[in-house]
6 protein chains.
Amino acid sequence: MTKKTALVVSAHSADFVWRCGGAIALHQQLEYDVTVVCLSYGERGESAKLWKKPEMTLEKVKAERRKEAENAARALDVHDIRFFDLGDYPLEMDRAAKDQLIDVIRAVQPDFMLSHSQYDPYNTDHMYATSVALECRMIAQAWGHNPGEKVLGAPQLYLFEPHQTEQMNWKPDVFLDITPVWEKKRAAIECMLGQEHLWEYYTRVAENRANHFTRNSGGQSGGRAAKYAEGFQSVFPRTVDQL
Amino acid sequence: MTKKTALVVSAHSADFVWRCGGAIALHQQLEYDVTVVCLSYGERGESAKLWKKPEMTLEKVKAERRKEAENAARALDVHDIRFFDLGDYPLEMDRAAKDQLIDVIRAVQPDFMLSHSQYDPYNTDHMYATSVALECRMIAQAWGHNPGEKVLGAPQLYLFEPHQTEQMNWKPDVFLDITPVWEKKRAAIECMLGQEHLWEYYTRVAENRANHFTRNSGGQSGGRAAKYAEGFQSVFPRTVDQL
Amino acid sequence: MTKKTALVVSAHSADFVWRCGGAIALHQQLEYDVTVVCLSYGERGESAKLWKKPEMTLEKVKAERRKEAENAARALDVHDIRFFDLGDYPLEMDRAAKDQLIDVIRAVQPDFMLSHSQYDPYNTDHMYATSVALECRMIAQAWGHNPGEKVLGAPQLYLFEPHQTEQMNWKPDVFLDITPVWEKKRAAIECMLGQEHLWEYYTRVAENRANHFTRNSGGQSGGRAAKYAEGFQSVFPRTVDQL
Amino acid sequence: MTKKTALVVSAHSADFVWRCGGAIALHQQLEYDVTVVCLSYGERGESAKLWKKPEMTLEKVKAERRKEAENAARALDVHDIRFFDLGDYPLEMDRAAKDQLIDVIRAVQPDFMLSHSQYDPYNTDHMYATSVALECRMIAQAWGHNPGEKVLGAPQLYLFEPHQTEQMNWKPDVFLDITPVWEKKRAAIECMLGQEHLWEYYTRVAENRANHFTRNSGGQSGGRAAKYAEGFQSVFPRTVDQL
Amino acid sequence: MTKKTALVVSAHSADFVWRCGGAIALHQQLEYDVTVVCLSYGERGESAKLWKKPEMTLEKVKAERRKEAENAARALDVHDIRFFDLGDYPLEMDRAAKDQLIDVIRAVQPDFMLSHSQYDPYNTDHMYATSVALECRMIAQAWGHNPGEKVLGAPQLYLFEPHQTEQMNWKPDVFLDITPVWEKKRAAIECMLGQEHLWEYYTRVAENRANHFTRNSGGQSGGRAAKYAEGFQSVFPRTVDQL
Amino acid sequence: MTKKTALVVSAHSADFVWRCGGAIALHQQLEYDVTVVCLSYGERGESAKLWKKPEMTLEKVKAERRKEAENAARALDVHDIRFFDLGDYPLEMDRAAKDQLIDVIRAVQPDFMLSHSQYDPYNTDHMYATSVALECRMIAQAWGHNPGEKVLGAPQLYLFEPHQTEQMNWKPDVFLDITPVWEKKRAAIECMLGQEHLWEYYTRVAENRANHFTRNSGGQSGGRAAKYAEGFQSVFPRTVDQL
């Protein structure tokens with residue numbers, strides 16, 4: 001039987017760590033092959049600490065952020081990480097860049113995909129990445145795109161947790177228990193040397209989402225305790241044989 | 001191990017047939033015990049055909065609708081059906097009626113619940129039933145309500161498909177394949193002698209929802225074909241160990 | 001052929017003037033019989049000017065507001081105006097009061113109904129009136145409610161313009177040209193002696209809605225000029241033979 | 001007097017058939033001239049059946065889909081059909097392509113326009129087509145665009161029914177009785193040889209929308225029976241002389 | 001000059017602590033008199049820990065919860081705390097109970113009010129409390145309610161942070177720095193002996209809201225650091241002399 | 001201490017006058033330096049009156065609209081007005097044009113920004129301008145964009161009042177009293193010779209918004225009377241030390 005796979009579309013190279021590092025490590029542990037595509041390094045907009053250093057250049061920042069992302073990917077047991085290096089603030093993708101993403105989608109044939117919230121007034125790169133993910137998912141399903149290749153099915157697109165969820169109109173409909181892999185997620189988070197102010201922030205997020213997990217799995221009457229969790233919003237309906 | 005259970009809260013005695021008859025029959029087949037509570041018989045507002053007959057009385061209409069509902073329940077293998085006889089158009093529930101529903105919830109300890117959409121400008125009984133279902137679910141969770149009884153966990157509340165879905169702001173996030181029990185649902189539908197104009201209508205709904213099932217399970221690239229399906233909207237987030 | 005009819009459900013006795021006085025006068029002119037039901041006189045909450053006078057009593061306020069509303073109704077050629085005198089701030093309707101409204105609905109058999117916006121955080125009486133209007137419309141359609149009476153069809157419910165539209169989530173989808181009856185509406189407005197501060201306000205509203213009428217009927221390329229208009233939001237879809 | 005006209009903006013060459021074939025045939029019968037613009041042939045993304053054949057090429061698919069669309073247009077008595085051949089999955093329009101659409105809009109001077117829903121996570125071409133339709137409608141209204149040409153008025157833009165309406169946030173506010181032209185719509189549908197799985201699907205949609213038509217035109221108390229109907233969502237408010 | 005005042009409407013006796021304890025302590029420090037109304041003790045639904053003890057009675061639970069709330073109020077320097085003892089799960093208010101709340105509103109003449117989110121499918125008491133707060137605010141503004149009393153102005157109603165914000169459709173539009181009074185809020189939290197599992201949870205909430213405060217006050221370019229913050233959603237628009 | 005500043009991003013050269021002329025004049029009076037960026041002259045789409053004159057050319061229209069805007073800016077005491085001359089109907093901005101806007105943002109370092117509503121089906125230029133304003137605000141905050149320049153903080157983006165507010169999903173959350181500068185706004189409005197039909201329209205808007213100001217500042221119980229006001233919708237939450 002074929003291996004299960006998942007694909008993460010991350011606007012900047014650190015996004016996948018804070019927002020779905022637990023889901024990645026957990027599904028790797030569940031024998032999925034998880035591929036991460038970093039559309040940019042977040043080199044201009046999400047690397048303030050590096051830019052405050054003397055003699056900094058765009059190339060140095062990119063190299064540094066790449067190294068951090070690779071370390072984090074290793075900590076999470078990521079199967080494959082790709083850096084598209086498309087630039088950030090703003091992230092812009094021409095037809096060739098989109099084709100490159102479609103190629104990855106088709107090669108991976110993900111059972112599910114992960115990307116950003118559909119609205120983000122603070123960070124237009126984030127919502128842009130998701131709109132491109134939807135477009136490329138659609139093209140990957142087209143029999144007339146590179147005829148002969150295996151076309152894509154209908155994988156769920158989960159939107160991972162943005163910063164300041166309420167401002168992004170993001171509403172989680174699934175909580176994932178990431179307790180078994182928390183140490184890996186925390187290790188990955190600590191690879192993000194330039195954003196140390198977020199380490200504790202996202203640890204608190206994981207702890208509070210675990211409270212939500214517990215409540216929604218039964219609350220004070222037999223709810224299953226989770227210590228760390230992540231939340232996701234589904235774009236598409238599920239298909240089931242049992243409610 | 002304890003048996004799995006489900007609970008349907010149906011404003012009028014026919015609602016459970018059109019809207020979740022498939023889910024009921026399927027989960028009975030999956031060894032759930034499904035309990036149906038009919039808050040009213042729909043005797044005033046959903047029995048036009050009977051009222052057009054001569055010499056009709058409220059009691060005769062209620063008896064007729066009850067018989068139809070019992071027949072339908074039998075066709076669906078419903079474990080238990082309760083008639084609260086609270087009146088319709090409008091349905092109104094005082095504290096005692098709500099306590100009666102809470103008692104059923106606690107006795108059943110449902111793994112999931114089913115009720116109407118949260119908005120329905122055509123039929124205020126429907127949205128009222130759901131708001132009561134939420135209130136009673138909450139009270140059933142309270143340790144101080146009839147202390148000593150087993151309190152309720154956190155069962156999902158699925159909103160089943162209303163008539164004219166878009167006008168009710170109802171958006172399904174899960175499609176259930178009911179092909180294996182379709183014959184039972186159709187048989188139950190045909191018990192509704194007073195609403196024959198809806199038999200084909202809801203058969204078409206089931207066929208078209210099956211198309212949605214197929215599309216969302218893979219579409220033209222390996223989507224699993226269903227011939228009949230039902231859609232549901234979840235009120236609460238899910239808790240999972242795998243996406 | 002039967003006469004066409006319309007029914008206005010007004011929470012307080014002045015509401016129908018500001019919010020749909022033009023629609024009333026216009027449809028009277030179009031040979032409709034328009035009935036207005038004032039659920040209360042707005043005696044407690046919308047009569048500040050009277051309460052500032054010495055020796056004022058609830059009965060005096062009610063008498064005064066009733067007189068104003070009768071004068072306004074006369075100015076608008078209202079076919080029939082009913083005062084239910086149910087009290088305001090808060091308006092509350094028991095089963096008997098609702099039955100009274102249902103009786104009027106059935107007697108009038110309106111081609112369309114008019115009431116308030118569905119949300120109003122400033123004035124809970126307004127949204128309450130609309131929720132009751134929906135409930136009573138439903139009951140009036142029930143064959144089992146007072147069997148033998150003519151049941152109601154499916155009249156549109158138009159929500160007339162609230163004060164501070166955006167705060168009420170009210171979005172007009174139809175603009176009505178009331179230019180031919182503007183003098184009548186203005187005369188009715190001037191019957192509201194206690195709310196003189198609103199005379200010019202609602203005149204400006206009518207003029208600005210006329211600008212919207214013109215824009216949506218063709219704008220700078222042949223839009224039909226209206227000088228005064230009113231806006232309405234439809235609750236239900238329309239059924240047509242031509243788009 | 002000038003002839004009445006309508007304009008359909010269809011992302012792919014088959015969309016107009018399923019989604020508004022009835023409206024087209026009906027308005028042709030009502031002496032409108034209806035023009036259909038197919039922005040693409042749906043050659044890559046909506047022609048799976050053809051691509052599964054051996055030796056298939058993009059040109060062959062396009063020729064096939066064009067032939068089908070022409071046949072369908074003939075069945076519907078379409079006044080004029082234009083193929084822009086802009087490519088699909090993704091559909092992209094540069095300034096020249098938009099100008100071409102603006103030219104058609106100005107030439108047709110439509111009394112109303114028809115296009116897709118404003119949101120569609122399954123098919124980004126659909127929502128793109130509507131956003132372009134809005135942009136081009138605006139430009140066609142500009143006196144400074146090709147000065148001297150007759151500028152556009154303010155035609156309604158109706159959004160026709162998408163597949164899986166609830167997922168697209170599409171809410172119909174008008175139902176059109178297409179019973180008189182149903183045979184033509186069905187004939188047009190049967191021209192779509194590559195999508196036979198949708199023939200019955202959209203027949204069921206038309207039948208169920210007819211149920212909605214009947215309900216909203218009076219229901220069990222004198223509602224006018226329609227056998228087939230189509231639903232539409234209006235983008236702009238209407239302007240009327242009578243409610 | 002008159003003292004500034006604020007009024008908190010808390011469905012259960014612990015709600016004010018978690019959700020706006022910081023705002024209370026801060027405004028007391030700013031010389032406001034803050035009054036807290038606890039509509040119930042949360043004795044049935046929010047006292048699980050007590051009910052698990054032997055020999056527990058409703059009166060004992062209420063006494064215990066009252067003592068905790070009084071201790072918390074003292075820790076926050078609350079000016080006045082009132083216990084309405086109306087029962088919980090469900091909370092229900094008759095006309096007399098509402099009049100009691102209106103009396104408090106008029107006596108306090110609050111510069112602003114605080115209550116729950118407007119939607120909460122987990123806890124219908126919460127949304128009920130807010131709907132009553134809006135109704136009573138309106139009545140307190142009525143010149144005809146207890147004529148002669150000073151009528152209420154138009155205080156803002158802030159909705160404090162619910163548990164699982166996204167599920168409640170709650171979106172904060174203002175963040176308040178509560179760093180100067182954090183020790184008081186934490187002390188108040190620790191008075192809630194029955195809900196120790198929430199102490200750290202709400203400490204994390206305060207820390208993460210501080211991150212949001214910092215970001216929205218300037219972010220990485222001079223944002224003012226807050227260590228603890230609370231978020232609120234405004235129901236009404238503000239009126240200002242400067243943006 | 002540094003001077004306070006504000007930045008207006010206006011899609012067409014007249015927009016800033018109708019929509020925030022009062023805010024501009026008021027803040028100039030409050031010693032802010034207000035910069036206005038006109039992305040286009042509205043030469044094609046908002047200059048119908050000029051185009052109806054003989055011998056008109058695009059350059060003449062642009063010159064005329066620029067002169068009007070400069071006059072209006074003078075009437076409002078605008079500190080600095082920039083004309084980007086990017087074309088309208090449609091407005092399109094390439095990377096260079098965006099960089100130009102980012103340069104202005106960084107040079108101005110605004111305490112707050114003003115732009116259009118986020119949705120406008122009548123005028124896609126308006127919503128485009130706001131989406132670009134958000135993108136450029138984000139880039140101006142990036143340490144890696146033109147390293148060495150002073151990066152932007154987190155200024156509020158206020159959305160000023162569109163035409164037909166309800167159609168644009170625009171909901172004001174702040175009303176600004178512009179009474180002290182009304183004469184200046186009216187003078188600026190009268191500079192718009194080509195749109196005389198809007199002079200009275202926007203005067204009425206200002207008067208009615210003043211009614212809203214008064215109501216929300218206390219209503220009939222001590223509300224502060226304003227004679228003219230403007231409304232704005234905030235995109236981001238506020239950060240405060242007092243509610």
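A salt bridge here is a side-chain nitrogen of Lys or Arg within 4 Å of a carboxyl oxygen of Asp or Glu. By that rule, two salt bridges cross the interface of chain A and chain B.

The model is predicted: local features need pLDDT of at least 70, side-chain atom pairs count only at pLDDT 80 or more, and totals for chains, interfaces and linings use all residues. Residues are numbered from 1 along each chain as its sequence is written, chains are lettered from A and ligands numbered from 1 in the order in which they are written, and side-chain values use heavy atoms, with hydrogens and water left out.

**Stop 1: chains A and B**

Select A:Arg224 and B:Asp241. Their side chains meet in a salt bridge, 2.9 Å from N to O.

Now show both chains whole. The contact (heavy atoms within 4.5 Å) takes 36 residues from chain A and 36 residues from chain B. The two chains bury about 3,100 Å² between them, 55% of it on carbon and sulfur atoms; buried area is the accessible area (1.4 Å probe) that two parts lose on being put together, summed over both. In chain A, select A:Arg238, A:Thr239 and A:Leu243, which lose the most area to chain B, together 25% of what that side buries.

**Stop 2: a strand pair across the interface**

Helices (H or I, at least four residues) and strands (E, at least two) are DSSP runs, numbered from the N terminus. Select E8(A) and strand E6 (residues 174–177) of chain B: three bridges join these strands, which run parallel. Two strands pair if DSSP finds at least two bridges between them. Within this pair, A:Thr239 stands opposite B:Phe175.

**Stop 3: the sheet of chains C and D**

Eight strands form an open sheet of mixed pairing, in the order E3(C)-E2(C)-E1(C)-E4(C)-E5(C)-E7(C)-E6(C)-E8(D). The edge strands, each pairing on one side only, are E3 (80–83) of chain C and E8 (238–240) of chain D. From one strand to the next, the twist averages 25 degrees.

Inside the sheet, select E4 (residues 112–115) and E5 (residues 156–160) of chain C, which run parallel and are joined by four bridges. C:Met113 of that pair stands opposite C:Leu157.

**Stop 4: a helix across the sheet**

Finish with helix H7 (residues 199–216) of chain C. Helix H7 lies across E6 (174–177) and E7 (229–234) of chain C together with E8 of chain D, and runs at about 110 degrees to E6(C). Axes are lines fitted to C-alpha atoms, for helices over the stretch in contact, and angles run from 0 to 180 degrees between N-to-C directions.
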